[in-house]
Amino acid sequence: MSESVRLAKRLAADLSCSRGDAERYIEGGWVAVDGKTVEEPGARVSPGQTVALLPGAKLEDIKPVTILVHKPAGTYADNEPGSALDLIIPKNLMPGDRSGRRYLKRMFNGLKLVTPLERAASGLVVYTQEYAVSRKLMEEGRLVEQEYVAQVTGKLSEADLARLQRGMAFEGRAATPMKVSWQNETHLRFALKTPLPGFIEYVCDTAGLQLQQLRRIRIGRLPLAGMAVGQWRYRLDYERF
């Protein structure tokens, strides 16, 4: 009985191409085994199985991705199973996505969360493979403004509002000014440079307000707008944080 071989080896032989090109076809999602797409170059195939390139197959460099997710309240934002990472599946892609990207398994290689958010909060979180984005949002994160909407109960005097706008020290960070305004009678809008988790709840409590819900609606220049809870999309090439 003939032994199975690696898919990349089989494809390279069938196409008379290099092993490297065969791996690029496979990782690019262009190869089917018995009619089913396989993206692992090391997958084993037997001589009796049919290996074929899919229509439109081409060799291309696959760019690293940055993914924006609308995290539901109660879901962890981290890199572990059971977190917002699990929402990044084809059926949850925001309708009308204009990135032109194809959903590939390799986009999860090295994908990591770069914008922590409390489990109880909802809103925008970012996962990325891109070094420049990771550096911008983590190493230089304190320079990036974020915007939140907080549903609160309680009363806030003009003096207390002005006090909030001056900022508050929190867990070793010095107080820095922030924009705080009423969106309506029950919702406060905060715009501030990358707060530590728990900061907004702390300032609300200090001001005598009870935080009911918290939602992050913007990170830098990129808004949450257009994404329903649980949906995700790719960052477009021209978009900058």
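Predicted model: local features only at pLDDT ≥ 70, side-chain atom pairs only at ≥ 80, totals over all residues.

Trainee: OK, which domains does the assignment give?
Mentor: Domain 1 (5–53), domain 2 (64–143 + 225–240) and domain 3 (145–219). Those bounds come from an automatic or database domain assignment.

Trainee: How far apart are the C-alpha centres of domain 1 and domain 3?
Mentor: They lie 54 Å apart.

Trainee: Let's go to helix H1. Which of its residues are buried?
Mentor: In H1, residues 7–15, they are Leu7, Ala8, Arg10, Leu11 and Ala12. Buried means under 20% relative accessible area, exposed is over 50%, and partly exposed is in between, using a 1.4 Å probe and protein chains only. Helices (H or I, at least four residues) and strands (E, at least two) are DSSP runs, numbered from the N terminus.

Trainee: And what covers those buried residues?
Mentor: The cover includes helix H2 (19–27) and the strands E1 (5–6), E2 (31–33), E4 (44–45) and E5 (51–53). Contact here means heavy atoms within 4.5 Å.

Trainee: What follows H1?
Mentor: Serine 16, with a positive phi near 55°.

Trainee: You mentioned H2. Is glycine 20 in there buried or partly exposed?
Mentor: Glycine 20, which sits in H2, is partly exposed, because its relative accessible area is 38%.

Trainee: New topic: holes. How many cavities of 30 Å³ or more does the structure hold?
Mentor: One. The largest cavity has about 50 Å³ of space. On a 1 Å grid over the protein atoms alone, a cavity is a set of points where a 1.4 Å probe fits but cannot get out, while a pocket is an open set with protein on both sides within 12 Å along at least five of seven lines; lining residues have an atom within 4 Å of a point. Grid points are joined across faces, edges and corners, and a volume is the space filled by probe spheres set on the points.

Trainee: Which residues line that largest cavity?
Mentor: Pro116, Leu117, Glu118, Tyr148, Pro195, Leu196, Pro197, Gly198, Phe199, Ile200, Leu214 and Arg216. By class that is nine nonpolar, one polar and two charged. Ala, Val, Leu, Ile, Met, Phe, Trp, Tyr, Cys and Pro count as nonpolar, Asp, Glu, Lys and Arg as charged, and the others, Gly among them, as polar.

Trainee: Which domains does the lining draw on?
Mentor: Domain 2 and domain 3 each give at least three residues. Helix H5 (199–206) and strand E12 (210–219) each supply at least two.

Trainee: Arg216 is in that lining. What does its side chain do with glutamine 146?
Mentor: The two side chains make a polar contact at 2.9 Å. That term means a pair of N or O atoms within 3.5 Å; within protein, one must be able to donate a hydrogen and the other to accept it, and residues adjacent in sequence count only if both atoms are side-chain atoms. Glutamine 146 is in strand E9 (residues 145–153), and counts as buried because its relative accessible area is 3%.

Trainee: And the pockets? What volume does the largest one have?
Mentor: About 350 Å³. Its lining has 17 residues, with Ile62, Lys63, Gly100, Arg101 and Arg102 nearest the centre.

Trainee: Last one: where is isoleucine 88?
Mentor: Isoleucine 88 is in the loop between strand E6 (66–71) and strand E7 (112–113). With a relative accessibility of 1%, isoleucine 88 counts as buried. Leaving aside neighbours within four places in sequence, its contacts include Ile67, Val69, Tyr103 and Trp232.

How values were computed. Residues numbered from 1 in each chain as written. Heavy atoms only, no water.
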